[in-house]
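Hi everyone, thanks for making time for this. Have a look at the structure with me, and I'll talk you through a few parts of it.

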Amino acid sequence: MVKKMDLSVYSFRQLMELDACTRCGNCVTWCPTYAEKANDNITPRGKIERLKRLTRAQYGLLARLFGPREISEAEMKDFSQGVFDCTLCGRCKVVCPVNIDTRPLWIAMRDQLVDEGHYPELLNMLKEQVTTHYNISGDPNENRLIWADNLPQPPEGIHKKQAEVVYFVGCVSSFYPLTYTVPQAFVSIMERSGVDFMTMGGEEWCCGFPMMIAGMGENTRELVRHNVEAVRKTGAKMLVATCPSCYHTFRHEYPHILGEPLGFEVLHSTEALAEWIGEGRIQLGAFDRPVTYHDPCDLGRTSGIYDAPRAVIGSIPGVTFVEMKDNREYALCCGGGGDVEMADSSLSAAVAKTRLAQVQATGAEVLLSACQQCKRQLTAATRREKMRVKVMDVTELVESVMVK
Amino acid sequence: MDDETRLTIFWIAFAVVMLLFIVAIGVNVSIWWQGALYENGRRVEKRKLGSLIRIVFKGIFSKRFWMALKAFVLDAALQRKLFKEDFLRWLGHASLSISFFALFLLSAFTGFFEEGLHRILGVDTPFVRTVIDKNTPIMALLNEALGIIIVLGLLIIIFRRYVLRPKQLSASVMDNTVIILLLILVLTSYPVESLRYLRDGFPEVGWHSFFGYQLGLLLEPLNWNWRAVHFWAFMVHFGSAAALLLYLPFSKFVHVFISPLVIAINGVAEEAA
């Protein structure tokens, strides 16, 4: 008896999208991982083609007439490699002439591959850490505020139990020292501008995003419920995240998963900063070095936020802002997305190197981003490439030039 | 073979081709049917067909219909993304797709006027006569001009694919087959038109059918059995159309039907977001 693939992980529309693909190859020219690893399996066109072939083998006309064909291990391995070597940057959607909603399709492919046991082994570790420690690093979750330990004077808000604003720090900034400066800067800004804020410490659990994009979304319900309940208990009216992935998950995925509104507003830190600067709560001093801005995929293409970070940068007196060749919806990925580091770390590094070349072409001395993962990824790349560019989060720059 | 037998052969072949085409498209739809359906954000577990019908009707009678229509016109029919990106590519695609669709509509209307209005209902107004008579200047010109635009589009596509050869294009057997079938289809249409003149006699004014008419005049001295030659030439033309139609559900060419739908559906989702 041939084991048939379960296609119910895909939506009706996604299976239609497989037939809508014209194989024009526009996506191929814009795919950041294919540019580094010329393997057709990786390309959006290649992934669609492979899935189509597999579905036809089991549900197509010949399968209906003569019975479904067994899918070989080699075919599944081939398919899996392409699907997990994707950064989920979503640039393919922007350039697709038939508007295929690619990113959710790639995630559905991962769901299928996880169900069928064809995925990188390291993802099991991720699952283990997130479901038992409630964070991606596997550290004890009560250490979530470790980044605050070396602040000269920790802001009062860090340990509050109730406040207007909950600052959701995110796993990367909580546990990876290279990015501790992001939450440190953000809490300092909030304190100095008089924002009534708090953090949740060990009550903050991973938002579930890394699992959702790994194709393990089924295991995130507990995290979602816990996080929403924890925020609701504080009575906060607003949640702010410096991490675009946490922001996206709270804002766009949680209400869908829970089937109800969250009961609090969700903002990304750049949106909050733009608002506070506009209200005059933050006064900025001059900054005279040329800067450029890297759009994080989950903030830009996935969440549609391009203007807020640019507004914040533009409000700094004397700043010289230069756009990179690929910006806004066409921005190149930093290579740190899609859990690709777990599938192929050299591929992830190669994508970052290409992005740095675009940074270099602008002549900027400071590379800004609004994502701790982009910062971590691009900082590591500048060190490898020995490039004289300072990588900063927008919050860090704001904090450094803040006069009030 | 008399005209009646020829017509019977044609209609039987047409019915078989359409039936096979519907079956093949049905298999594609049955694959989509394996996927999950969502209504009001919730996954539908039972009575999927009922839900799908509800979703479609709710969509039609809401403002989402206008969003879908906008996406359909701008992104599916006019292909604005292609226009912004590469004019030559857009020109090739638009010439082929828009003219093909226009010619299809023209044929459908002519068929409806001829079989439905004129033959069955007996309507015989000057307008109906103009539409059903392929020799009237406007009908001859429309048919011929749209055909020329299709040829132009096809030539641009061939030039791009096989001469310019953009890096991202991979010419597979599937692509080549579709292009060859399209070429046969388009290139046989003019001789069929010329042979029709030779079979039925040339109209008084023929310049509107600028290519078919001239070709007919050129072939006239051969003095063949034009009735038989026309029938077989038409069958080759029809055969290529049938082959294209039957190959379509199994090839990437199925996007002709599916892409506009996906563009419209995803256009609504984007605008709503």
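Let's begin with a term: a salt bridge is a side-chain nitrogen of Lys or Arg within 4 Å of a carboxyl oxygen of Asp or Glu. Before I use it, a word on where this comes from: it's a predicted model, where local features need pLDDT of at least 70 and side-chain atom pairs count only at pLDDT 80 or more, while totals for chains, interfaces and linings use all residues. Residues are numbered from 1 along each chain as its sequence is written, chains are lettered from A and ligands numbered from 1 in the order in which they are written, and side-chain values use heavy atoms, leaving out hydrogens and water.

So, how many salt bridges are there between chain A and chain B? The count is 1. B:Asp175 pairs up with A:Arg23 in a salt bridge, and their closest N and O atoms are 3.4 Å apart.

Let's zoom out to the whole interface. Here 38 residues of chain A are in contact with 40 residues of chain B, contact meaning heavy atoms within 4.5 Å. The two chains bury about 3,300 Å² between them, with 56% of it on carbon and sulfur atoms. Buried area, by the way, is the accessible area (1.4 Å probe) that two parts lose on being put together, summed over both.

Now for chain B by itself. It has 11 helices and 2 strands; those are DSSP runs, H or I of at least four residues for helices and E of at least two for strands, numbered from the N terminus. Going from the N terminus, chain B runs α-β-β-α-α-α-α-α-α-α-α-α-α. Its C-alpha trace spans about 70 × 50 × 35 Å along the principal axes.

Over in chain A, there's an open sheet of 4 strands, in the order E2-E1-E3-E4, with parallel pairing. Two strands pair if DSSP finds at least two bridges between them. Which strands sit at the edges? They're E2 (197–199) and E4 (265–268) of chain A, and each pairs on one side only. Further in, 4 bridges join strand E1 (residues 165–168) of chain A to strand E3 (residues 238–241) of chain A. Find A:Val165 on your screen: A:Met238 in E3(A) stands opposite.

Finally, helix H11 (residues 181–192) of chain A packs on that sheet and touches E1, E2 and E3 of chain A. Thanks, that's my tour!

Definitions and conventions
Axes are lines fitted to C-alpha atoms, for helices over the stretch in contact, and angles run from 0 to 180 degrees between N-to-C directions.
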